[in-house]
Amino acid sequence: MDAPGERSGFAGSGLACRLKLIAFCGIALLSAGGAAQAQMSLQQAVLRATQIDPGVTALRQQVLGREIDIEAEKEAWYPSIGLSGSGSSDNDGSDLTLTVTQLLYDWGLTRGKIAEATHVRAQSVAELKLEIEEVTLEVAQYFLQIESLDRKLAQTGNYMAFARRIAGQAEDRARAGVGDNGEVARARLEIARAEDQLAQIQANRSLAMSQIAFLVGEPVAGIVTPPGLSFATRYLDAGRVMTAVRLSPNYIRARAEADEAEAGIRVAKARRLPTIELEAEGRQDLNGGRSSTSVSISAGVNLSSSGFGQRQIQSAVMAAEAARNTLLATERDLTNAVSTALDQLAILQRSEISRERQLVESQKVLETYENQFSAGRRELIDLLSTGRDLYDAQIDAIETREERKKTEYQAAHDLGVLGALIVATAPGQ
């Protein structure tokens, strides 16, 4: 069964017409990339594009840096070593002092800093996922554009064959004295319009293929038709939508920001309190060739990190409240985006069905008109106008289908599941 907008409506009779259609299909297949095994799937293109994209690479390095930050904060639990020495030219000689300091208790300050660094890393991971989704959407949009252009090429080829067939009939009518040269000129004008349309579509397809080659970093002979994601079917259930929202990179980033702010409150409170440390000191005194060694161990309170004001805590509390509100806003926006996308997809789906019904009726009208024109009971202008209206309707149907698929892909991107759905709908999955 033909997909919406794919019925040509211009199929004529006769061996010459069939040969022209076969020749055009052969040219279209060659321009589409040759052999099927040389074509690149959307999943392959996305994988290669994300491997070489500079923005993705930079964010991967940023994630590694955030992991190092976590380990750096953990170093506060390890002993710190200090070495100092002094010397003079008098009889006192010189000395060398080695100090080892171990943190005993800091009221959760170090744990709070580690928590902050951990949540910052979570934000970086979410940003990396968002960047990958951006690259995925960019590649997918070109795939969808090429799919639509290929359908337009096929329909334009059918319409060109129709116009040439009608031009041939007009020439026969003119030679027989039934028609005039004006009909022939009008038919040839329609052929020229179709050829111009075909050239424009081919140029747009070439540009889209060039962009895919740029994104994947290698020449691309052809593409595999991008899959439908069945987004509306997957996310009609409100529970699945909420689960997807809470797993989306935007929500995870907002939640990590809120968690980081909560950890900031604990850090601000811990900084007001003195830390308890254990210190061991070894001293080597050098005096006129003679030396003496002393070792001491002491526990003390470090007041250098203490602050007796409340402003840092108040600021941290306000930052946490702002982050919690941002998290709620993110959840609300994502849920609304999914709901809006589902409504748009339902409207476009109904439009596709309606256009398909109109195309069926338009094709019947065109067939009737062509038969009447062949019998001399219909003017050529009526036939060409009807044929052009049908062709325009077919192009509109193709564009509606493309818009529906782009809306589906955009909605999956906004939810952060585009890459996952492409993998899930890939052949063999």
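Setting aside neighbours within four places in sequence, L415 is in contact (heavy atoms within 4.5 Å) with F231, Y235, A244, V245, S248, P249 and V338. This is a predicted model, in which local features need pLDDT of at least 70 and side-chain atom pairs count only at pLDDT 80 or more, while totals for chains, interfaces and linings use all residues. Residues are numbered from 1 along each chain as its sequence is written, and side-chain values use heavy atoms, with hydrogens and water left out.

L415 also turns up among the residues with the most contacts inside the largest nonpolar core, alongside L42, V139, V220, F231, Y235 and Y409. That core has 46 residues; a nonpolar core here is a set of buried Ala, Val, Leu, Ile, Met, Phe, Trp, Tyr and Cys residues joined through side-chain atoms within 4.5 Å. Buried means under 20% relative accessible area, exposed over 50%, and partly exposed in between, using a 1.4 Å probe and protein chains only. Helix 4, residues 109–175, supplies the largest share of this core, with eight residues. Another core lies apart from it, with 26 residues that include A170, A187, L390 and I395.

Helix 4 also holds S148, which is buried at a relative accessible area of 3%. Beyond its neighbours within four places in sequence, S148 is in contact with I398 and E402.

As for the whole protein chain, there are eleven helices and six strands, taken as DSSP runs numbered from the N terminus (helices H or I, at least four residues; strands E, at least two). Of its 429 residues, 38% are buried.
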